[in-house]
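Please look over the sequence and the 3D structure below, and then follow the text with both at hand.

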Amino acid sequence: MRNPGTGTRSNRTSTVLGRRLGGELQRLRLTAGLTQQQAAEYLSATATKVVKMESGWVPVRDPDIRALCQRYGQTDGKVLASLLDIAKADRERRKVKGWWDGGLVSGAADYIAMEDGALRNRQWQVALIPGLFQTAEYTRAMCVADLPWEDIEQIEVVVEARARRQQRLHGDSPLVMHAVIWEAALRQLFGGPAVMQRQLGHLCELAQLPNITIQVLPFRTGGHSGVGGPFNILSFGEDGAVDVVHMDASRSEIWIEDAERSAVYSGMFESLVTSSLSPHDSLLFMQSIAKGMSE
């Protein structure tokens, strides 16, 4: 686990995807029983280059990945394809300079950059409406309820950032979003009944978009696999090819970057999906709660 999502050294940046790729390359090298110097000699490079690649400090070229896999005896085509996918996503991530660069805290900016490059977002929420689904007035109410702000104007920065992120749900290549929301998040009256009723109405509208799936985990379900807290699984390729998990705690965040632990969270999410109401029944459930708030 890493916290926070990025680090810097000199003029280099270690990204979440870069660290994941580097970790996989290091694992393969150690399994092959080779030193960084031996790997470097095979690339006709310096050991320093291999150190930077395994630490995620620099983007990695496809020919280097192919050569290292050959040297390490890795012949599984799926493994090679996964590494190439991660490298491609990491290179694209490093090139993009988006609206989030500047004005936002580093952790938030890194998450938004990752989200912007993702193809799919699977999200489990226990207490809040997912940020991509929030109305502006809900976001304001949520921020006001948070700990005191040094500068109250920053709340509008958060609201604007939410609105710009939500553009990823629309357009020619929209983000595919699958959210499982615990019933508590639908009943928590941020901003009062009227604000929450409009928020639920917005959720019902979003649930009918082809790229969005919303399921509700009702109280009556009892025990479930998501008691540890909310999490997001961002995917950058085919199912399971390039996934990273992000968890946003109250004052910190955690990235899970290795394939094995990412797979654990994918399993937890599938369990939550199975335990939840169907998308159709979830829509009826949200409409019922919204109606009750007007009575």
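If its neighbours within four places in sequence are left aside, Leu186 is in contact with Ile129, Ile181, Met196, Leu200, Leu203, Val216, Phe285, Met286, Ile289 and Met293, where contact means heavy atoms within 4.5 Å. Leu186 also belongs to the largest nonpolar core, which has 64 residues, and it is named there together with Phe133 and Leu203 as having the most contacts inside that core. A nonpolar core is a set of buried Ala, Val, Leu, Ile, Met, Phe, Trp, Tyr and Cys residues joined through side-chain atoms within 4.5 Å, and buried means under 20% relative accessible area, whereas exposed means over 50% and partly exposed lies in between (1.4 Å probe, protein chains only). A second, separate core has 13 residues, including Trp124, Val126, Phe231 and Val273.

Before going further, please keep in mind that this is a predicted model, in which local features need pLDDT of at least 70 and side-chain atom pairs count only at pLDDT 80 or more, while totals for chains, interfaces and linings use all residues. Residues are numbered from 1 along each chain as its sequence is written, and side-chain values use heavy atoms, with hydrogens and water left out.

The chain as a whole can now be described. Its secondary structure comes to 12 helices and eight strands; helices (H or I, at least four residues) and strands (E, at least two) are DSSP runs, numbered from the N terminus. Of the 295 residues of the chain, 46% count as buried. Among contacts between residues at least 6 apart in sequence, 72% join residues at least 24 apart.

One of the contacts of Leu186 is Ile289, a residue found in helix 12. At 5% relative accessibility, Ile289 counts as buried, and, again leaving aside neighbours within four places in sequence, Ile289 is in contact with Leu186, Arg187 and Leu200. Ile289 and Leu200 are 89 residues apart in sequence, and yet their C-alpha atoms are 8.1 Å apart in space.

Leu200 leads on to helix 10, whose buried residues are Val195, Met196, Gln199, Leu200, Leu203, Cys204 and Leu206. An α-helix has 3.6 residues a turn, so residues three or four places apart point the same way. What covers the buried residues of helix 10 includes helix 7 (136-145), strand 4 (176-182), helix 9 (183-187), strand 5 (212-217) and helix 12 (279-292). The length of helix 10 can be checked as well: at 1.5 Å a residue, its 14 residues (193-206) should span 20 Å, and its end C-alpha atoms are 20 Å apart, which agrees. The expected span of a helix is 1.5 Å times one less than its number of residues.

Strand 4, one of the elements that cover helix 10, has seven residues, and because five of them are buried, strand 4 is largely enclosed by the rest of the structure. Strand 3 (residues 120-125) and strand 4 run parallel and are joined by six bridges, with Arg122 standing opposite His178 in strand 4; two strands pair if DSSP finds at least two bridges between them. Strand 4 and strand 5 also run parallel and are joined by six bridges, and here Trp182 stands opposite Leu217 in strand 5.

What is the sense of the pairing between strand 6 and strand 7? Strand 6 (residues 231-235) pairs with strand 7 in the antiparallel sense over four bridges, and Ser235 stands opposite Asp243 in strand 7. Strand 7 pairs in the antiparallel sense with strand 8 (residues 253-256), over four bridges, and Asp248 stands opposite Glu253 in strand 8. Five of the six residues of strand 7 (residues 243-248) are buried, so strand 7 is largely enclosed by the rest of the structure.

Finally, is Ser44 buried or exposed? Ser44 is exposed, with a relative accessible area of 72%, and it is found in the loop between helix 2 (36-43) and helix 3 (47-55). The phi of Ser44 is near 55°, a positive value in a residue other than glycine.
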